[in-house]
There are 2 protein chains.
Amino acid sequence: MIVQKDEIEQFEKHYRTAFVNSLAGFRQAVLVGTLSAEGKTNLAIFNSLIHLGANPALFGLISRPDSVPRDTLQNILDTKEYTLNYVRADQFEKAHQTSARYEKGISEFEKAGFTPVFLSNCHAPFVKNAIVKIAMKFEQSIPIPLNGTILISGSVQQVEIDASLVGPDGYIALSEAEVLISHGLDAYFVSKPIGRLPYAKP
Amino acid sequence: MIVQKDEIEQFEKHYRTAFVNSLAGFRQAVLVGTLSAEGKTNLAIFNSLIHLGANPALFGLISRPDSVPRDTLQNILDTKEYTLNYVRADQFEKAHQTSARYEKGISEFEKAGFTPVFLSNCHAPFVKNAIVKIAMKFEQSIPIPLNGTILISGSVQQVEIDASLVGPDGYIALSEAEVLISHGLDAYFVSKPIGRLPYAKP
């Protein structure tokens with residue numbers, strides 16, 4: 001089937017959201033941990049993690065000012081610190097539950113059943129037993145004028161990971177740890193390896 | 001293991017690139033098709049596709065001015081049109097080969113073994129037999145001053161996909177078509193479903 005731009009615009013709202021979100025393909029499921037200015041913990045699932053650069057190590061997140069994780073955005077702007085946590089695929093129901101619109105001041109850690117842990121050098125909470133725990137420092141908020149979304153850019157400050165997952169070449173074998181990946185708004189997956197390839201030459 | 005920011009900065013260059021890229025997790029493997037101002041076809045694999053919004057449907061790509069797919073960036077800026085193509089996992093070797101640094105004017109379609117096809121309303125080439133073919137219109141180039149990368153934003157103009165993959169709620173079951181996903185610089189995967197969940201409520 002061929003779908004034109006004006007047909008997408010005329011789709012029923014929920015159908016369109018599901019169609020366009022799933023059209024964007026597979027992505028990493030990330031639980032973003034923050035602390036509010038009042039010191040309350042917050043946790044929200046994102047599927048918009050972007051690699052911006054390796055030297056320095058910079059990652060981005062897309063946030064809509066009116067979206068569910070708006071507490072996350074405010075907390076990052078207030079405290080300049082946040083954490084990125086990847087969990088095992090068997091945690092998918094708990095991870096999804098962090099997307100519910102809880103009132104401000106209610107911690108998604110408690111409601112979804114995750115335990116916050118704190119590591120030195122970072123005030124924001126991490127997810128206990130996460131496969132990957134990354135401490136981030138907020139760097140810059142880049143507006144995307146087209147639709148009012150914001151690219152939150154930050155630098156990697158600290159990484160906690162099982163050493164057995166890191167190969168001799170620096171590659172982190174997340175698939176071996178059955179890390180949770182997401183597709184669309186509500187579908188969850190694990191990865192099954194096909195292969196690794198050498199640097200491509202003409 | 002815990003790795004600090006200054007340790008990452010002191011990693012050997014290739015080790016650091018592999019470490020930070022794979023740290024960013026799983027993402028969609030996308031073949032970006034373009035036409036040069038001289039009319040030559042170009043194809044390059046990207047792993048930085050971002051969903052920016054569903055209404056209008058806007059997607060982003062991260063490009064480094066000095067990276068391999070720089071011909072892609074130039075072609076998009078010159079012609080304002082490009083295509084996004086998702087292929088089956090069994091095409092991973094050909095998909096990876098498009099990342100080789102071919103000289104300008106040499107088509108990665110031919111060298112990697114993909115067949116270009118053209119659809120009405122779009123001058124940029126698509127990948128024949130791709131599971132998903134998206135015609136994009138360039139909208140805006142957003143500089144990321146932190147490290148000189150660019151967020152290429154574009155609007156979805158047309159989507160070609162097998163109708164059997166689109167569910168009654170608009171969700172596109174890419175996993176059923178064994179779509180290729182990527183991790184890090186050189187690792188390829190397919191997805192294995194865990195489950196879909198209803199809209200999360202407090």
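## Helix H3 in chain A

Helices (H or I, at least four residues) and strands (E, at least two) are DSSP runs, numbered from the N terminus, and two residues are in contact if their C-beta atoms, placed from the backbone, lie within 7 Å. This is a predicted model, in which local features need pLDDT of at least 70 and side-chain atom pairs count only at pLDDT 80 or more, while totals for chains, interfaces and linings use all residues. Residues are numbered from 1 along each chain as its sequence is written, and chains are lettered from A and ligands numbered from 1 in the order in which they are written.

H3(A) covers residues 70-79, and its buried residues are Asp71(A), Thr72(A), Leu73(A), Asn75(A) and Ile76(A). A residue is called buried if 20 or more other C-beta atoms lie within 10 Å of its own, exposed if 12 or fewer, and partly exposed in between, with C-beta atoms placed from the backbone. An α-helix has 3.6 residues a turn, so residues three or four places apart point the same way. After H3(A) comes Lys80(A), whose phi is positive, near 65 degrees.

## Helix H3 in chain B

In chain B, helix H3 (residues 70-79) has Asp71(B), Thr72(B), Leu73(B), Asn75(B) and Ile76(B) as buried residues. Strands that cover them include E6 (57-63) and E11 (149-161) of chain B, and the helix is followed by Lys80(B), with a positive phi near 65 degrees.

Strand E11(A) is mostly covered, since 10 of its 13 residues are buried. Two strands pair if DSSP finds at least two bridges between them. With E6(A), strand E11(A) pairs in the antiparallel sense over six bridges, and Leu58(A) stands opposite Ser155(A) of E11(A). With E10(A), the antiparallel pairing runs over 12 bridges, and Lys133(A) stands opposite Glu160(A). E10(A) and E11(A) form a hairpin with four residues between them, and Gly148(A) in the turn has a positive phi of about 75 degrees.

E11(A) also pairs with a strand of chain B, E1 (residues 2-4), in the antiparallel sense over three bridges, where Val159(A) has Val3(B) as its bridge partner.

## Where the chains meet

The contact takes 86 residues from chain A and 86 residues from chain B. On the side of chain A that touches chain B, strand E13 (residues 187-196) of chain A gives the most, with 10 residues.
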